[in-house]
Amino acid sequence: MLKKYKIATTHKAVINITEEVKAAVEESGVKEGICVVYNPHTTASLAVTSFWDPAGFEDLQDEICRLIPTRIDFKHQHDTPQDAAGHVKSAITGISIDFIVTEGKLLLGSSQGIFFLEFDGPRNRSFIVKVLGDK
């Protein structure tokens, strides 16, 4: 089963997509298998982190921006310095995550959530969930 979701982001957004992914797994009917969450964009990424403290999302974006700041000396400047920095951030942090599906449910730790990270917003974005396995 493949399911595509649309989301609208803001600048440096961290969007919780955990419930959408869990619902896709349950809807698929797969009992044992793999769930792949994929982001088809070059200036956004996916991450698994704790959902307990919303300030953690700010820390995540702040640290990514500290490590890869927006600057005008990137060699590639197709659009803007923010766009160039977004390409590097996305390449380093990753565009897909695999999860185990067991007993018909997504296997996540008790404080883990799945998040879409925006590096060049606001934008209209999408992410894709593919569930494979035995029904």
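Let's start with the surface: Ile-34, Ile-100 and Leu-107 form a nonpolar patch of about 260 Å². Patch members here have over 30% relative accessible area and no salt bridge, with nonpolar side chains (Val, Leu, Ile, Met, Phe, Trp, Tyr) joined within 5 Å and like charges within 9 Å. A salt bridge means a Lys or Arg side-chain nitrogen within 4 Å of a carboxyl oxygen of Asp or Glu. Areas are Shrake-Rupley values with a 1.4 Å probe, counting only the protein chains shown as cover for residues.

A word on the model: it is predicted, with local features needing pLDDT of at least 70 and side-chain atom pairs pLDDT 80 or more, while totals for chains, interfaces and linings use all residues. Numbering runs from 1 along each chain as its sequence is written, and side-chain values use heavy atoms, leaving out hydrogens and water.

Back to Ile-100: it sits in strand β5, residues 96-102, and is partly exposed at 46% relative accessible area. For us, buried is under 20%, exposed over 50%, and partly exposed in between. Strands (E, at least two residues) and helices (H or I, at least four) are DSSP runs numbered from the N terminus.

Now, helix α1, residues 18-28. Its buried residues include Val-21, Ala-24 and Val-25. Glu-19 and Glu-27 are exposed on the face turned away. Just after α1, Gly-29 has a positive phi of about 80 degrees.

Finally, β4 and β7 pair antiparallel over seven bridges, where pairing takes at least two DSSP bridges. Ala-44 stands opposite Glu-118 in β7.

Terms used:
Buried < 20%, exposed > 50% of the residue type's maximum accessible area, 1.4 Å probe, protein only.
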